[in-house]
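I opened a new notebook page for this structure.

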Amino acid sequence: MSLQPPTTSTPHPNLISRAHSMFSTRRPWRHFFDPSSLTLPHNYSDAVTSLRRNVTYFRVNYTMVLLITLFLSILYHPVSMIVFLIVFVAWLGLYFLRDDPVMLMGRSLDDRVVFIGLSLVTVVALVFTHVGTNVLVGLCVGVGLVGLHGVFRGTDDLFLSQEEAAEGGLVSVVSGDGMRSGYSIG
């Protein structure tokens, strides 16, 4: 009979690598808050283009800003905080830290469907905890902050890899080069 040293439980290595890859797409906060990058768009078209590029580039940062404003809006409601933490775990498992597509009744769901579904579940769950006004104000403040930053943050110094550009819809799908798998012309 041989004695083996006790094994210590460590988190699943796949979970750690997924968490690392998710946070690796977060852009540095000093880059996010760089005051020298603030510019005034020339027209509405430039503002919309800037917003789209910034949302693609700072996607994780913007999500964190929205979650922090939502968290601050329900800080003094303990039941809502518990619900928020449960929904946050659902966000982590179903949206941020997964490798495979979400399957429902044998069909894979698109990321946009998962995002919209989780957003609705978040709002409904928090509204049922009687903090509807706080949630609405928190979301409006968060979306306002994201929108203002996205419009006024210059995009001249933002560089995406080809994969990131394709994920954000910045590659043309008219030619065959930038087509995502699952889409077809016809």
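**Entry 1: the pocket**

I noted that this is a predicted model. I then asked which helix gives the most to the lining of the second largest pocket. Helix H3, residues 44-57, does, with four residues. I looked up the space in this second largest pocket and found about 220 Å³. Its lining has 13 residues. Thr 39, Pro 41, Asp 46, Ser 50 and Thr 155 lie nearest the centre. I sorted the lining by class: three residues are nonpolar, six are polar and four are charged.

**Entry 2: H4 and H5**

Two packed helices are described by the angle and the distance between their axes. I took helix H4, residues 59-73, and helix H5, residues 78-96. Their axes come within 11 Å and cross at roughly 165°. An angle over 145 degrees counts as roughly antiparallel, so H4 and H5 are roughly antiparallel to each other. H4 passes H5 in a right-handed crossing.

Next I listed who meets whom. From H4 come Thr 63, Leu 67, Leu 70 and Phe 71. They meet Met 81, Phe 84, Phe 88 and Phe 96 in H5. By class, this contact has seven nonpolar residues, one polar and no charged ones.

**Entry 3: H5 and H6**

I moved on to helix H6, residues 111-127. How do the axes of H5 and H6 cross, and at roughly what angle? They come within 10 Å and cross at roughly 175°. H5 and H6 are therefore roughly antiparallel to each other.

I wrote down some of the residues in this contact. H5 brings, among others, Phe 84, Val 87, Trp 91 and Tyr 95. H6 brings residues including Asp 111, Phe 115, Leu 118 and Thr 122. The contact of H5 with H6 divides into twelve nonpolar residues, three polar and one charged.

Terms used
Residues are numbered from 1 along each chain as its sequence is written. This is a predicted model: local features need pLDDT of at least 70, side-chain atom pairs count only at pLDDT 80 or more; totals for chains, interfaces and linings use all residues. Side-chain values use heavy atoms; hydrogens and water are left out. On a 1 Å grid over the protein atoms alone, a cavity is a set of points where a 1.4 Å probe fits but cannot get out, and a pocket is an open set with protein on both sides within 12 Å along at least five of seven lines; lining residues have an atom within 4 Å of a point. Grid points are joined across faces, edges and corners, and a volume is the space filled by probe spheres set on the points. Helices (H or I, at least four residues) and strands (E, at least two) are DSSP runs, numbered from the N terminus. Ala, Val, Leu, Ile, Met, Phe, Trp, Tyr, Cys and Pro count as nonpolar, Asp, Glu, Lys and Arg as charged, and the others, Gly among them, as polar. Axes are lines fitted to C-alpha atoms, for helices over the stretch in contact, and angles run from 0 to 180 degrees between N-to-C directions. Angles under 35 degrees count as roughly parallel, over 145 as roughly antiparallel, 65 to 115 as roughly perpendicular and the rest as oblique. A crossing is left-handed if the near helix is turned anticlockwise from the far one by less than a right angle, and right-handed if clockwise. Contact means heavy atoms within 4.5 Å.
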